[in-house]
Amino acid sequence: MIVTVKLFGMLKTQLHHDSKLNESELKVPLDHGCRVDDLIAAIQSMNADVGDLLLKRKILVSVNHEVAHGETELTGTDEIALLPPFSGGSSTPGEMLADVYR
Amino acid sequence: MSTVDTEASLVRVQREDFSIDEEINRVRNRSTRIGGIATFLGTARDRSNDRDVSRITFEYYEGMAQKKLREIRERALQDFDVLEVLILHRYGEIDIGENIVLIVVGAMHRADAFKACKWCIDELKQITPIWKREETPDGQVWVEQHP
């Protein structure tokens, strides 16, 4: 199956190096019965930096509008999104995740 | 106005600016037992992380953001001794000095209103999928936190 993953914030540019476009979705082929951990592994093969942030849970995966854990099973009809840190979500003042870009 | 319509008006994510007076009255009119209203208004500042900021853009996850804001309102009504809660957040491009986010809490007494209002804005920043991009002299920056 192919799952569609919504992208937000800096992920729209980080996961689409070639296009220079603010693509808001990512298509990821996965086997039926896959879990969130399998999705993270697939994304890590596409972009190691984003994959590492997913493993560290700096970037979260949501399934049907709820933050999911690694064991959550995915179906082709789920609404899946990668959530970079929210604008107020850090406990360290002044911390920035994204690089400055022009 | 139906209950559903009323709840929808009390939790909103919208592009356009809002009237603080109108939003306060929306809460005030919900109960004659309200004796104190606490508000938090977040505005766009021109300085962040030692950089000048000329404009801010907010992006949000349609559906999930509203769901989380509804949950915050419901939990505040359940966990604090308050009578009504309004939560409003803007998205899109916002100029310096403009309104960004508004929390309005009505309670019988001020202490409960203050406590719930602070909890709501703190929780909003923790669990609501909203992202901020600042325009600085060095370029555009996605910001992980806005204190």
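**A helix and the loop after it**

Author: A:R57 counts as exposed because it has 12 C-beta neighbours inside 10 Å. The cut-offs are these: a residue is buried with 20 or more other C-beta atoms within 10 Å of its own, exposed with 12 or fewer, and partly exposed in between, with C-beta atoms placed from the backbone. This is a predicted model: local features need pLDDT of at least 70, side-chain atom pairs count only at pLDDT 80 or more, and totals for chains, interfaces and linings use all residues. Residues are numbered from 1 along each chain as its sequence is written, while chains are lettered from A and ligands numbered from 1 in the order in which they are written.

A:R57 sits in the loop between α3 and β3 of chain A. Helices (H or I, at least four residues) and strands (E, at least two) are DSSP runs, numbered from the N terminus. Phi of A:R57 is near 60 degrees, a positive value, and A:R57 is not a glycine. This comes just after α3(A).

Now step back to the helix. Helix α3 of chain A covers residues 48–55, and its buried residues are A:V50, A:L53 and A:L54. Seen down the axis of α3(A), they fall within an arc of 105 degrees, so they line one face of the helix. That arc is taken from the directions from the helix axis to the C-beta atoms. What do the buried residues of α3(A) pack against? They pack against α1 (11–14), α2 (36–46) and β3 (60–63) of chain A. Contact here means C-beta atoms, placed from the backbone, within 7 Å. The face of α3(A) turned away from the buried side carries the exposed residues A:A48 and A:D49.

Definitions and conventions. Two residues are in contact if their C-beta atoms, placed from the backbone, lie within 7 Å.
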